[in-house]
Amino acid sequence: MSSASQPINQLPKPSILERLVQRHSKLAIALVVVFIIIFVYGMVTAPNFLTLFNLKTIIRDAALVGIMAIGLTFVTLSGNFFLLSMKETAALCIIAFATGMASGWGFELSFLFTMVFALLAGISQGALIGIGGNPIVVTLGAAGVLYGLGAYWSDNLVVSYRRPHGAEWLGTGSFLGLPNITVAFILIAISAELLLRKTSFGRQVYLIGANRAAGRATGHENFWMAIKVCTIASVCSAFVAIAFSAQVSSAQVNYFSSEFGSSGDMTIMVIATVMVGGNSIMGGFGSTLRSSFGAIFISTVDNMMVLHGFNSGPRVFAVGLMIVFSIIVFAILRRGSRSEE
Amino acid sequence: MTVEKIISFIKQKPDLMFAFMLAFFVYCIFAFTNDYFMTHRTSFAIMERFAVLGLVGLALTLCIIAGEIDLSIGSNAALAAVIVVRFTDSLGAPTALLIAVTVSTIIGLIQGYFIAYLRIRAIVLTVGTLMLLRGISLFVAEEKTVMLTDFRIPDFITTKVLWYFSPASLTVIAMFVLVALFMNFTKYGREIYAIGGARKEALAAGISLKRPMIIVFAISGFCAGLGGVIIGLRSGTAQALGLQYLLLAGTVAAFIGGVSILGGRGGVIGAVIGALTVNFLNTGLVFNVTPAFMVQLYLGILLLVVIMFQTGSVIFEKRQRRYQILKDIDDRRERLKKEMTGGAQP
Amino acid sequence: MVEQLLSLSEITRSFGAINALKDVSFDVKPGEVMGLVGENGAGKSSLVKIIGGFDSGFSGQFTFAGKQARFSGPVMAERAGIAIAQQELSLIPTMSVAENVLLVGDNVPKIATKRQLRKLVKPFLLEVGLDYIDPATSVERLSVGERHLVEVARLIAHDPQLLILDEPTAALGETDSIRILEMVERLVKRGKSVIYVSHRLDEIFKICDRITILRDGRSVAVKKTQELSVSELVNLMLGRELENMFPKRISSSSKIPLLRVRNLWPDGLLEPVDIDIFPGEILGLAGQLGSGTGEILSAIAGAHSIRGGNLEMDGRVFMPKTPNDAINAKIAYCSEDRKHDGLFLGRPILENITSTALKRITNFGILQPPSEHMLANDIAKGFTIDNSRLLSDAGVLSGGNQQKVALGKWLAINPKVILVNEPTRGVDVGARAEIYQTLHKLAEQGTAIVVASTDLQEITNLPTRIIAFYRGLKVSELGYDEVSAENILTQITDPFGAAKLKR
């Protein structure tokens with residue numbers, strides 16, 4: 001029996017590259033390398049890819065999904081999985097906003113009005129999840145309810161409001177050469193990351209996500225956390241809904257459904273973005289920065305494919321492939337690194 | 001004698017009883033508010049809809065029993081629909097049908113394989129495959145809505161057999177019977193219940209994750225394929241991005257039928273009752289000229305109600321168990337007191 | 001001349017620098033019950049894992065039923081005729097008894113109705129004494145004891161030659177324990193052999209023919225039960241040298257309790273208890289698994305359901321209902337399972353240490369890294385945790401260092417009372433000594449410390465005084481001078497003198 005008092009598992013400190021290769025599975029590295037090769041090839045051979053305009057387009061296209069993904073990231077990091085009701089919350093909110101604008105309330109009032117709905121949606125779902133409801137099922141049900149409410153309210157018709165309506169600056173305006181929506185994306189991304197890293201709230205998100213039981217034992221209950229993160233996610237959905245409505249001066253419940261973008265289904269895109277960024281589904285690991293990069297990454301691949309002339313079929317396929325691919329790679333990576341315990 | 005048996009059956013399976021009563025309740029609401037609801041034609045329409053919804057409900061029931069869920073079921077069905085409609089004209093309906101169902105089943109198999117071998121949660125993987133399959137559907141359909149040119153086939157699919165049934169719904173009923181036999185009478189079916197009811201314990205007991213997982217997802221793929229084929233051939237058209245509503249409807253059907261989100265509970269009979277209930281709701285609402293989004297609203301509310309009922313009964317059972325444990329402790333105390341008369345006690 | 005059924009010799013097993021087993025010999029005859037005893041960390045689980053086929057990385061001779069054996073997995077061992085009943089159950093609660101017993105294995109019918117299963121299962125249920133249970137009952141309705149028996153029934157269904165029972169009665173009450181013992185006797189009458197691994201020395205003396213004692217990874221002795229007395233056994237198990245890791249026991253100076261526990265009745269205890277906790281002392285709660293000691297600690301901390309009771313501290317009468325209440329009252333509680341709720345694996349050690357006291361390191365909700373680092377460094381120094389690794393993931397630490405972090409994080413709230421369950425479970429000797437030193441220092445500074453432990457050495461040498469529990473009942477209090485290994489052992493295994501030292 002050893003009488004050593006030296007901790008056994010002290011790793012010597014090799015270089016970063018050595019550590020990467022040491023700790024992670026060969027298969028994962030091979031997959032990533034193959035991917036990088038394909039990616040660089042696509043980038044180099046795509047016409048007009050490396051122009052400033054194109055790069056700005058990439059970020060702008062990533063903005064709406066990116067903002068929602070940032071909101072959802074809080075939910076995922078705290079160990080509450082994800083919400084399947086993001087696009088339905090946006091649907092209800094877009095109707096709320098457009099109704100306000102069409103009634104002549106002006107931007108600020110309509111904004112606040114919309115946020116009330118976002119808060120209600122977030123708090124109620126958060127409370128149900130916090131008392132122990134399974135997030136998937138609760139939000140699946142909530143999705144149907146929210147969408148139905150929005151459709152009922154608008155009779156499933158388009159609600160439009162005339163220009164000038166005071167929201168152009170958000171929808172189509174620009175600042176220092178960047179579209180305002182892109183600026184909003186960048187600002188939200190930065191503030192979300194600061195919130196996570198520098199505040200005690202952010203710290204609680206990570207702790208509860210890493211181990212809910214330990215969180216409870218140290219005085220951090222998931223009930224309040226679930227409410228808070230669901231509210232953040234809903235508010236982000238509402239913001240995106242408002243921004244999009246401002247772009248097109250109208251609203252209809254199905255704006256965020258299958259027909260949205262080439263890849264369809266906003267909810268899936270948002271979840272995909274969170275996963276592709278490398279956030280752990282179980283919580284406790286990841287960041288909103290990762291989700292932002294995930295959004296930009298998916299947008300880049302989509303952009304490349306458009307430049308290469310692909311139809312929506314292959315593009316949707318490519319997004320799906322990226323999701324599955326990143327899931328598999330992260331699964332292998334985490335298995336490889338956790339097996340030391 | 002039989003009354004006793006019925007009562008003990010009810011006590012043993014409260015979930016099924018709840019589902020049954022809910023189904024009955026929903027049916028009655030519509031039967032009394034709408035003159036046409038209880039007609040022969042309506043019942044046939046219900047059975048027709050039941051065919052596809054029943055399949056999806058069955059597939060999701062199996063997945064949830066196994067402790068997972070298949071979010072890609074709608075996309076898988078859509079792919080099958082697209083394949084069958086696209087290729088019927090050139091290859092004939094039977095061949096196209098066979099290809100479509102085989103493709104869907106293989107997709108399910110592959111998903112089950114990855115979930116088992118890489119120990120990925122199904123919910124995570126199927127978010128990706130959901131997209132993947134849509135892309136493939138768009139590609140096969142060449143980005144447009146595909147249509148049949150020969151409309152004798154839809155007519156055949158919907159011919160009435162035995163008053164209420166059609167070839168489609170009869171096939172589905174056969175499927176239900178087979179799966180029920182499998183789940184209840186074979187070792188492999190029990191393995192599926194085991195890995196869902198208590199995954200860690202099942203693995204510790206020596207059950208391999210691979211076999212039951214691959215079986216469950218292969219069945220799920222098969223059901224999605226068969227369902228998509230039925231819808232495609234029945235209506236004569238197919239859209240690559242369609243059939244997404246099947247996920248919500250199927251999930252509601254599964255939960256009404258008594259599955260638990262924790263896994264390990266539920267059965268084929270429950271799936272049938274759940275699917276019928278959702279169907280009654282759907283058909284009834286359509287009869288009352290309710291728009292599709294309202295149907296979604298009601299389904300959402302129904303799901304939340306069922307979930308809250310389930311959560312409530314879990315809490316109730318926990319409390320019951322605590323009372324039982326406390327009673328055991330009280331018994332033990334009494335016995336120990338009796339033994340101690342005469343023993344040394346400081 | 002009886003042939004050995006199982007024979008191991010010169011078995012050595014190391015994990016890196018740790019020697020789990022060194023030159024161990026162990027044998028079992030057909031039709032005999034062999035007891036396996038030893039303190040925590042003596043090597044019992046390692047040995048059992050090797051025999052059961054869970055571990056093939058050993059060196060030495062392993063013969064079973066006349067053949068050389070090195071099983072690649074438990075399934076192979078089972079085929080050869082060896083079955084283990086582990087401490088953690090592997091039953092499926094949602095399925096019936098019959099389905100659980102015939103769940104897995106080569107001889108399980110592939111196609112069978114539920115009624116057929118129920119019929120097939122009856123003889124096995126009879127064997128383990130569960131013939132009164134309807135095989136259609138779902139396992140979640142059974143008591144813990146009955147569940148253990150169902151687990152054994154599953155193993156019996158494969159007709160093993162050798163059955164290993166690992167702490168079979170740890171979580172059981174009186175009646176269920178007796179059932180297990182009767183089952184062992186029945187099996188042995190039929191010619192099977194049983195390895196009985198347990199801390200319950202009364203049971204060991206009741207049914208074992210021979211006893212093997214392990215200590216520090218070596219087989220110290222093999223004796224016939226009749227030739228052994230309790231004190232001889234205890235001496236063989238404990239040895240002398242390791243007492244040096246304990247600092248001299250403190251005796252308390254204060255006469256006024258810091259915390260009064262009144263009428264506390266946690267679920268799991270037969271009767272309510274009153275306990276006085278004094279500052280400057282270490283109070284030990286001695287008792288085996290199932291005695292209720294752990295439940296008392298978690299109840300005080302608001303983490304366990306109770307039927308009644310309250311605490312008095314600083315003139316205030318209250319009862320924590322959630323861990324937060326306890327933390328606000330400056331009561332710290334560290335559970336026995338650090339992986340479950342003591343550590344945030346995946347987060348840096350720094351965050352783990354400060355997780356209990358975020359308020360101290362934030363200003364208007366914003367984290368103050370300088371305060372955080374200072375607090376963490378202070379605690380790390382106090383607990384001899386390496387400062388330079390504060391940013392590493394808590395998961396890479398050794399067991400001992402993990403335990404230090406799990407315990408140490410509570411210092412951040414400046415607790416008045418520290419409750420610890422199993423302070424050194426899975427901790428190497430060096431870290432143990434450090435933890436004991438730190439607990440002592442804290443007690444000397446006026447903190448009240450309560451330790452619950454099933455480790456006999458620890459509970460004998462660490463605390464100032466002892467309260468002993470047996471199967472949910474408080475049985476005695478031992479003052480400073482009355483504390484000895486034998487006294488404690490008697491109180492926690494056989495306080496009423498029920499075990500006779502014969503069969």
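Predicted model: local features only at pLDDT ≥ 70, side-chain atom pairs only at ≥ 80, totals over all residues.
Biologist: Why is Ala116(B) called buried?

Modeller: A residue is buried if 20 or more other C-beta atoms lie within 10 Å of its own. Ala116(B) has 20 other C-beta atoms within 10 Å and is therefore buried. The residue belongs to helix H5 of chain B, residues 93-118.

Biologist: Which residues are in contact with Ala116(B), leaving aside its neighbours within four places in sequence?

Modeller: They are Leu209(B), Lys210(B), Met213(B) and Ile214(B). For Lys210(B), which lies 94 residues from Ala116(B) along the chain, the separation of the C-alpha atoms is 5.0 Å.

Biologist: What makes up the contact between chain A and chain B?

Modeller: Two residues are in contact if their C-beta atoms lie within 7 Å. Chain A has 42 residues in contact with 37 residues of chain B. On the side of chain A that touches chain B, two or more residues come from each of helix H6 (135-154), helix H12 (266-276) and helix H14 (312-338) of chain A. By class, that side of chain A holds 27 nonpolar, 14 polar and 1 charged residues.

Biologist: What makes up the contact between chain C and chain A?

Modeller: Chain C gives 35 residues and chain A gives 27 residues. The elements of chain C that give two or more residues to this side include strand S2 (18-28), helix H14 (399-408) and helix H15 (429-444). The largest share, 3 residues, comes from H10(C). The side of chain C that touches chain A divides into 14 nonpolar, 17 polar and 4 charged residues.

Biologist: How is chain A itself built?

Modeller: Chain A has 14 helices and 4 strands. Of its 341 residues, 53% count as buried. Among contacts in chain A between residues at least 6 apart in sequence, 79% join residues at least 24 apart.

Biologist: Is the crossing of H5(A) and H11(A) left-handed or right-handed?

Modeller: The crossing is right-handed. The axes of helix H5 (residues 106-130) and helix H11 (residues 222-248) of chain A come within 7 Å and cross at roughly 145°. The residues of this contact comprise 17 nonpolar, 9 polar and no charged.

Biologist: Why are strand S6 and strand S10 of chain C called edge strands?

Modeller: Strands S6 (82-85) and S10 (218-224) of chain C each pair on one side only. They belong to an open sheet of 6 strands in the order S6-S7-S8-S3-S9-S10 (chain C), with mixed pairing. Neighbouring strands of this sheet are turned by 20° against each other on average, direction ignored.

Biologist: How do you know that S9(C) and S10(C) pair?

Modeller: Two strands pair if DSSP finds at least two bridges between them. Strand S9 of chain C, residues 210-215, is joined to S10(C) by 6 bridges, and the two run antiparallel. Arg215(C) has Arg218(C) in S10(C) as its bridge partner. Helix H6 of chain C (residues 174-189) packs on the sheet, where it touches strand S3 (33-38), strand S7 (162-166) and strand S8 (193-197); the direction of the helix makes about 150° with that of S8(C).

Biologist: Which strands does S14(C) join by antiparallel bridges?

Modeller: One is strand S11 of chain C (residues 259-264), joined to strand S14 (residues 310-313) by 3 bridges. Here Val261(C) has Leu311(C) as its bridge partner. The other is strand S15 of chain C (residues 316-318), again through 3 bridges, with Met313(C) opposite Arg316(C).

Biologist: What do S14(C) and S15(C) form?

Modeller: They form a hairpin with 2 residues between the strands, and Asp314(C) in the turn has a positive phi of about 55°.

Biologist: What is the order of the open sheet that contains S13(C)?

Modeller: The order is S16-S19-S20-S13-S21-S22 (chain C), with 6 strands and mixed pairing. Its edge strands are S16 (331-334) and S22 (473-478) of chain C. Neighbouring strands are turned by 15° against each other on average, direction ignored.

Biologist: How do you know that S13(C) and S21(C) pair?

Modeller: At least two bridges are needed, and strand S13 (residues 282-286) and strand S21 (residues 465-470) of chain C share 4, in the parallel sense. One pair of bridge partners is Leu283(C) and Arg465(C). H15(C) lies across S13, S19 (417-421) and S20 (448-453) of chain C, running at about 145° to S20(C).

Technical notes
Residues numbered from 1 in each chain as written. Chains lettered and ligands numbered in written order. Buried ≥ 20, exposed ≤ 12 C-beta atoms within 10 Å, placed from the backbone. Nonpolar A, V, L, I, M, F, W, Y, C, P; charged D, E, K, R; others polar. Axes fitted to C-alpha atoms, helices over the stretch in contact; angles between N-to-C directions. Left-handed = near helix turned anticlockwise from the far one by under 90°.
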